[in-house]
Amino acid sequence: MQPFTQHTGIACPLPLSGIDTDQLIPARFMKRSRAEGYGDYLLHDLRFDGNGDPREDFPLNHSDRRGASILVTRRNFGGGSSREAAAYALIDYGIRCVVAPSFGDIFASNSVNNGLLPARVSEEDGERLLAALQGGERDATVDLNAKIIRCGSLDVPFDIEPVWRTKLLNGWDDIDLTKSYTAAIQAFAASDQERRPWMKPNRA
Amino acid sequence: MSASVGRPRTLFDKVWDAHVIVEREDGHNLLWIDRHFLHEGSFHAFDKLKAREAEVARPDLTFGIEDHYVPTRVRNIAQIDPAIRRMIEQLRANTTQHNLKSFDLNDPGQGIVHVVGPEQGLTLPGLTIVCGDSHTATHGAFGALAFGIGASEVAHVLMTQTLWQKKPKRMRISIEGALSAGIVAKDIALSMIAKIGADGAAGYAIEYAGSTIRNLSMEGRLTLCNLSIEAGGRSGMVAPDETTIAYLRGRPYAPKGDAFERGAADWLALASDADAVFDKEVSLDATQIAPIVTWGTSPDDALPITQDVPDPDRISDPGRAEHVRDALSYMGLQPGQKLTDIRIDRVFIGSCTNSRIEDIRAAAAILAGRKASVPGLVSPGSMLVKQQAEQEGLDRIFKEAGLEWVEPGCSMCVGMNGDLVPPGERCASTTNRNFRGRQGPGSRTHLMSPAMAAAAAVTGQLTDMRALLKERA
Ligand code: SF4
């Protein structure tokens, strides 16, 4: 996984709350293979009209936000289904960091597992960032070491679980980490058979 | 073992502690996973497995289930959309290759994963259970720690039978008192979500407690735990009691004989210690709960059926007012309109939230001898529920009322199999998500209990089912 230390890019304001994973990628696109790329499906039904034409009033379609890699949005981003495709859609579109006051739990961990940073800010700071972007600011820098987002004259702190920060900074994949505990896992499974003889499915 | 052993512990703590393999100082815990359920959406995870040329670590603890994409009207997959068929065939290829038991379309136990696990006795108290589906919290009704995971985590569990997790905080939702006639777990859940918000339990493991919960059937507890994620909670649990044990005895995959009795004793000991401390406490008065419906595009946009659609101009919080305005415009509703004046186009009775035998009975009790004035689909949660309902003659009630009685699957909960609500249409639905487009692009969803959906089918508009119950009395 690509490590995330510091990133500078175009930030797009998305002043909506509760963007759920069904919005991030509607279910009908989830049959496609990842190899085809999920970027075109990101927020599909908000970005495009019934004819498949871009909605001009949708922020990601504004010409000055083309190529955006940072999304600034409102609370409860990524609630709902566990579809990791929601994170794939963001990443394949080119998003590296989503800034919001709160995130769906499963979405946030899926993001981290794919190198996408869910940066949690206070409601007030989120509104200040949105206002700055809507007022014409375009670029932002996200510094994961310092846990700071810089945008124009604003310096906004953000939060992230320490474990997730470490994972992102190092680009760690859990599986490699887990492999180093193989002996502990085997010992657990062996002693568990004694502790919980009823655990295993009683295959008919 | 975890450091918290010895102090008063909650139900959640006890199950968590029993599964910690490694506890790192940074808060990362490696948990042992007892059950892993897979469905057609698991292909991303199998692709990751293939990329690493890895095997499934514990095929005996891993089960496939065909539910998300399965057709509900024909069962021959040669006759369905090739893209959907490919999803089912991919799961079959993956479970066959790794020698996993799969409840496929031809299995007499097939159904929705969160219905099948409990009724097969695969779900047991004290287990850790994961599935690439956010409603995995459902299994917490048995006092299991069950939660939804993403594809990377599914791949990790497949390869190692473990998962890295940070410990969530604990929340207790206490519900006391007797429910009024016709009020069910769905109404409790929607009231709870409306009270704490769609992200109110984010970061928490929920325990449902109190006299109301003790008096709920397993079906009711399953509905309640199922909806934990709609309040943002990744898991929701109920302490095992005699209701739990009576339900499990004799289930196909449950332990037998002495092993069962040993299990039962262990399970009853899982209840939270009397002096255990929760990070957050919420309480609800069951006697005040009325039938609830949602009017908006988030599960916390919920109100008692006796009330009116909210008016954004009278909401002081600007963010909330904006959400309400957007939601009403998407839903095609007027501020201040009576909820009971909202006309509907169709009904759906099904999904892992409300498709168990009790749900089917409750809907049938309203529809018996009546006609539906709108079209609708009734999809029992599993082949076993379907069989039981047919033995009781409930299928005839739905068919005589003019509704379609179809095969089990996720169906119109998510529309992946092609069972969709057409754009602009309004559906009274027993499902769990009223998100924009959830039941199909442009679809409008109102969530409610099975009896409320049945009442809406009869009148063609949102209806207080108590009126239809009264006519019967
Ligand atoms: S019925 Fe709906 S919520 Fe339940 S498992 Fe299927 S898609 Fe998920």
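In this predicted model, 60 residues of chain A are in contact (heavy atoms within 4.5 Å) with 75 residues of chain B. Residues are numbered from 1 along each chain as its sequence is written, and chains are lettered from A in the order in which they are written. Local features need pLDDT of at least 70 and side-chain atom pairs count only at pLDDT 80 or more, whereas totals for chains, interfaces and linings use all residues; side-chain values use heavy atoms, with hydrogens and water left out.

The two chains bury about 5,200 Å² between them, 57% of it from carbon and sulfur atoms; buried area is the accessible area (1.4 Å probe) lost when two parts are put together, summed over both. Lys31(A), Trp198(A) and Arg203(A) together supply 14% of what chain A buries against chain B, more than any other three residues.

One salt bridge joins the side chains of Asp176(A) and Arg52(B), at 3.4 Å from N to O.

Which elements give two or more residues to the side of chain A that touches chain B? They are α1 (21–24), α2 (44–47), α4 (105–113), α6 (162–170), α7 (174–179) and α8 (182–195) of chain A, where helices are DSSP runs (H or I, at least four residues) numbered from the N terminus. Of these, α8(A) gives the most, with 7 residues.

Conventions:
Salt bridge = Lys/Arg side-chain N within 4 Å of Asp/Glu carboxyl O.
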